[in-house]
Amino acid sequence: MDEWIDSHSSTHKTSSSPSFATRKLAAPTPPTLETKKPKASGASKPRKRAAPPATVEHLPKRPKLESMQRFSTASEAELTKLSTPFVPKKTEDATAWSLRNFHCWLKNRNSQDQLEKCPENLLEEMDTKKLNYWLAVFLVETRKVTGESYPPTTLHSIMSGLLRYMRTVDPQRCPNFFARNNADFVTLQNTMDSVFRTLRKEGIGSEKKTAKPFSKEEEQQLWSSGVLGVQDPVSLQRAVFFSNGKSFCLRGGNEHRELKLSQLKREVGGYRYTENASKNRAGGLGQLKLQNKTVFIAAVHEAGERCHCYLLDLYISKLPRKAIETDLFYVRPLENVQLESQTWYTCVPVGRNKLYKMVNDMCTLAGILGRTNHSLRATGATELYNAGVPEKIIKERTGHRSLECLRMYERTSEKQQNAVSRVLSAQKETSFNVEMTKLAENTTNIATHSSVPVMNFHNCQVNINQYSHGSIVDSGASLNH
């Protein structure tokens, strides 16, 4: 670690360029003085005309390339695939799940003789009267596998998935039953509104699922337990994964899966990460002028082995040459590797499911519950928000295109919630900043009074200790039972 700091700081010193004021400019080369020879007597020699300026005809022609070398050949299957509208993978999965849900309900209802039969080809036929009636029936009757009701947001997602499917069948004939001005679907829209209101009143779907960020104590627990570290290939890869997700604010496991070495550029003083494509910046005709997200992380020597730049330097130095040549980032660790070895990893990429469960597996080993890969993105945004970093800078790091979406990731910390409670419970005038300062001075116990007796029972002897300001002080008193 000390060698890395010395080499990094020396590189930083030598690579820094001097300012314009101190930069020495090279002295211009003095012109050569030629002595003019006296003209000879007699007729003067005719002057040589200057060569004409080069035109297109005079320029050397480039060597012609064969047509097969210059142009590629597109197959019919490739053209068909490229001409198909782009649909994100999650949207495809949501549409398929909505369709399975509908068909499961359809099969169950039509198997009961006493009930009216729903047309098998309801979605494909696209009869507005039948859709208006049967989709309302489906909305009221559909349930989870456990028999519980779906929350309103899930029901809306199911109906949206059915509409997307109908548009793939026949986009010209497909009606939009969400449109408020569509009089053909008044029954369906009123049913949706009533069902959503009833579910809301019953408290179904009132809890919004969001990625819970890591606290400083939980992050320390990951390091102290050895789950994150630099002592072996597995802990090093976990530490790099954790730092990448937190500092680059990556989403879930997909952006980790698609991460390439070429996206990380080593510069003087740190690394620069450039995002290729993401959920908000997928590219296309509408985003030709949209710049890719770039994030610079500086080396923090005071952080020691937890410095993100140090972790990246160490991890990349342990990759095999073939993995670097094939532009792979997350590769499988070698089994029974010698720690003194130069190579710690194979050339095989880490599996998709392994990356998706990376944070969950870390937290299971460290005894932390309720965290996912997306928690790293929420942790980065929340820590910057709590530290008072301007939202513009946070938005550049997270890649959000609007402040409204960014603020969904700005989680209120427990310390801030405690400060609000203290403001509401105070008998004297106070402020939020004052209470935050008090909590910062004494974070070990917030709600405990200045002196609370704690009684420890051991063998029939009672020792009375004084608990004051987060520490236990022996009062010297004892009672023999």
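The structure is a predicted model. Its secondary structure comprises 20 helices and 8 strands. Of the 481 residues, 32% are buried, and the accessible surface amounts to about 33,400 Å², with 54% of it belonging to carbon and sulfur atoms. Among contacts between residues at least 6 apart in sequence, 56% connect residues at least 24 apart.

Helix H4 (residues 89–110) contains 22 residues, which at 1.5 Å a residue should span 32 Å; the C-alpha atoms at its ends are 32 Å apart, in agreement with this expectation. Its buried residues are Thr95, Ser98, Leu99, Asn101, Phe102, Trp105, Leu106, Arg109 and Asn110. Because these residues cover an arc of only 155° around the axis, they lie on the same side of H4. The face turned away from this buried side bears the exposed residues Lys89, Lys90, Arg100, Cys104 and Lys107. Packing of the buried residues of H4 is against helix H5 (122–125), helix H6 (128–141) and helix H7 (152–169).

The largest nonpolar core consists of 45 residues, and those with the most contacts inside it are Leu222, Leu228, Leu236, Phe241, Tyr315, Phe329 and Tyr330. At least two residues of this core are supplied by each of helices H9 (216–224), H10 (233–247), H12 (308–317) and H15 (358–366) and strands E2 (270–274) and E3 (294–298). The largest share, 6 residues, comes from H12. Leaving aside neighbours within four places in sequence, Leu222 contacts Phe214, Val227, Leu228, Phe242, Met362, Ala366 and Ile368. A second, separate core of 31 residues includes Phe102, Leu162, Leu163 and Met192.

The count of salt bridges is 16. In one of them, Asp313 pairs with Arg266, with the closest N and O atoms 2.9 Å apart. Asp313 lies in helix H12 and Arg266 in strand E1 (residues 264–267), so this pair ties together parts 47 residues apart in sequence. Asp313 is buried at 18% relative accessibility, whereas Arg266 is partly exposed at 33%. The side chains of Glu383 and Lys216 also form a salt bridge (3.3 Å, N to O). This pair links distant parts of the chain, with Glu383 in helix H16 (residues 374–386) and Lys216 in helix H9, 167 residues apart. Glu383 is partly exposed at 22% relative accessibility, while Lys216 is exposed at 53%. Through salt bridges that share partners, Lys216, Glu219, Lys246 and Glu383 are joined into one network.

Key: Residues numbered from 1 in each chain as written. Predicted model: local features only at pLDDT ≥ 70, side-chain atom pairs only at ≥ 80, totals over all residues. Heavy atoms only, no water. Helix = DSSP H or I, 4+ residues; strand = E, 2+ residues; numbered from the N terminus. Buried < 20%, exposed > 50% of the residue type's maximum accessible area, 1.4 Å probe, protein only. Contact = heavy atoms within 4.5 Å. Areas by Shrake-Rupley, 256 points an atom, 1.4 Å probe, with all protein chains shown as cover. Expected span 1.5 Å × (residues − 1). Arc of directions from axis to C-beta. Core = buried A, V, L, I, M, F, W, Y, C linked by side-chain atoms within 4.5 Å. Salt bridge = Lys/Arg side-chain N within 4 Å of Asp/Glu carboxyl O.
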